[in-house]
Amino acid sequence: MVSLVLLTVVVVAGAVTAADRPLPTAMAGWVAGLHRYLTLGVLGLLTIHIGAAVIDTYVDLAWSAVIVPFTGGYRPAGVGWGAVAIDALGLVALTSWLRPRLSRRGWHSMHWLAYVVAVAAVVFGLQQRGGFGLGRGKQQAVGNGFAAFGVGVDLRQRVVGPAQF
C-alpha cells in the first residue's frame, strides 16, 4: 500500500512537471526533485517487495513470472498485472536514464507508460487483496489514488493543453 501511495504521488508530480510551459521557478525545482527522489524510493521498495516475494517459500513465485505477465502459478491474474506494471516501470526508468541520448519526443512517448504503470499497479493490488472485498480504509486509499491520478492528468491538460507528441 505504501508503494501504491508513493507511486500515486510520483505520477501526479510527473504529470504536473510535464508541461511545456514552465511552472514558477521555485515550484518547478521542488516538484521535479520530489518526482525524481520518490521514483527512486518506489523502485527501492518494489525491489524489496519483489525480492521477498520470490525468495519466500510460502508461495511458488518464479523470477520469470515477475517479468513475463500472466505466466505465474500463484495468482496468475494478480501477479500478471504486477508484471505489467513492473515491465512498464522498467521501460520508463530505462528511458529516463537514457534521456540525454533520446529525442525529447521518444522519451516523452515512453513516459506515457507511467499511466499504464499506475493503472496496472492498482489492478494488481485489487487482485492480490481479493478484489473489491477490501476494508473501508483500503477502498478509500484506492479511490483517492484514482482521484489523484485524475487531478494530475487534469492539471497537466490545463497547463499544457492536449497531449502533443
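In which helix is V66 found? V66 sits in helix α3, which covers residues 63-67; helices (H or I, at least four residues) and strands (E, at least two) are DSSP runs, numbered from the N terminus. The model is a predicted one, in which local features need pLDDT of at least 70 and side-chain atom pairs count only at pLDDT 80 or more, while totals for chains, interfaces and linings use all residues. Residues are numbered from 1 along each chain as its sequence is written, and side-chain values use heavy atoms, with hydrogens and water left out.

The overall picture comes first. The chain has seven helices and zero strands, giving the pattern α-α-α-α-α-α-α when read along the sequence. Of its 165 residues, 33% count as buried, where buried means under 20% relative accessible area, exposed over 50%, and partly exposed in between (1.4 Å probe, protein chains only). Among contacts in the chain with a separation of 6 or more, 60% join residues 24 or more positions apart; contact means heavy atoms within 4.5 Å.

Next come the cores. A nonpolar core is a set of buried Ala, Val, Leu, Ile, Met, Phe, Trp, Tyr and Cys residues joined through side-chain atoms within 4.5 Å. In soluble globular proteins, nonpolar side chains tend to be buried together. The largest nonpolar core here has 16 residues, and L7, V42, V117 and A121 have the most contacts inside it. Two or more residues come from each of α1 (2-17), α2 (25-55), α4 (76-97) and α6 (113-128), with α6 giving the most, six residues. Once residues up to four places away in sequence are set aside, V42 touches S3, L6, L7 and V10. A second, separate core has seven residues, including I50, L61, V66 and V79.

Apart from neighbours within four places in sequence, V66 is in contact with I50, V54, L61, A83 and D87. Another buried position is T8, which lies in helix α1 and counts as buried because its relative accessibility is 8%. The C-alpha atoms of T8 and V119 are separated by 10.0 Å, although the two residues are 111 residues apart along the chain.

Helix α4 deserves a paragraph of its own. α4 has 22 residues and reaches 31 Å from its first C-alpha to its last, close to the 32 Å expected at 1.5 Å a residue; the expected span is 1.5 Å times one less than the number of residues. Its buried residues are G78, V79, G80, G82, A83, V84, A85, A88, L89, V92 and T95.

What angle do α4 and α6 make where they pack? The angle is about 155 degrees, with the axes 8 Å apart; axes are lines fitted to C-alpha atoms, for helices over the stretch in contact, and angles run from 0 to 180 degrees between N-to-C directions. α4 and α6 are therefore roughly antiparallel to each other (angles under 35 degrees count as roughly parallel, over 145 as roughly antiparallel, 65 to 115 as roughly perpendicular and the rest as oblique). The crossing of α4 past α6 is left-handed, that is, the near helix is turned anticlockwise from the far one by less than a right angle, whereas clockwise would be right-handed. Residues making this contact include V79, G82, A85 and L89 of α4 and V117, A120, A121 and F124 of α6. In α6 itself, the 16 residues should span 22 Å at 1.5 Å a residue, and the end C-alpha atoms are 22 Å apart, which agrees. The buried residues of α6 include A114, V117, A121 and L126.

Helix α5 (residues 104-111) also packs on α4, at an angle of about 155 degrees and with the axes 9 Å apart. That makes α4 roughly antiparallel to α5, and α4 passes α5 in a left-handed crossing. Here L91, V92, T95 and S96 in α4 meet W107, M110 and H111 in α5.

Finally, the loop between α3 and α4 holds F70 and R75. F70 is not a glycine, yet has a positive phi of about 65 degrees; its relative accessible area of 44% makes F70 partly exposed. R75, likewise not a glycine, has a positive phi of about 40 degrees, and with a relative accessible area of 40% R75 is partly exposed.
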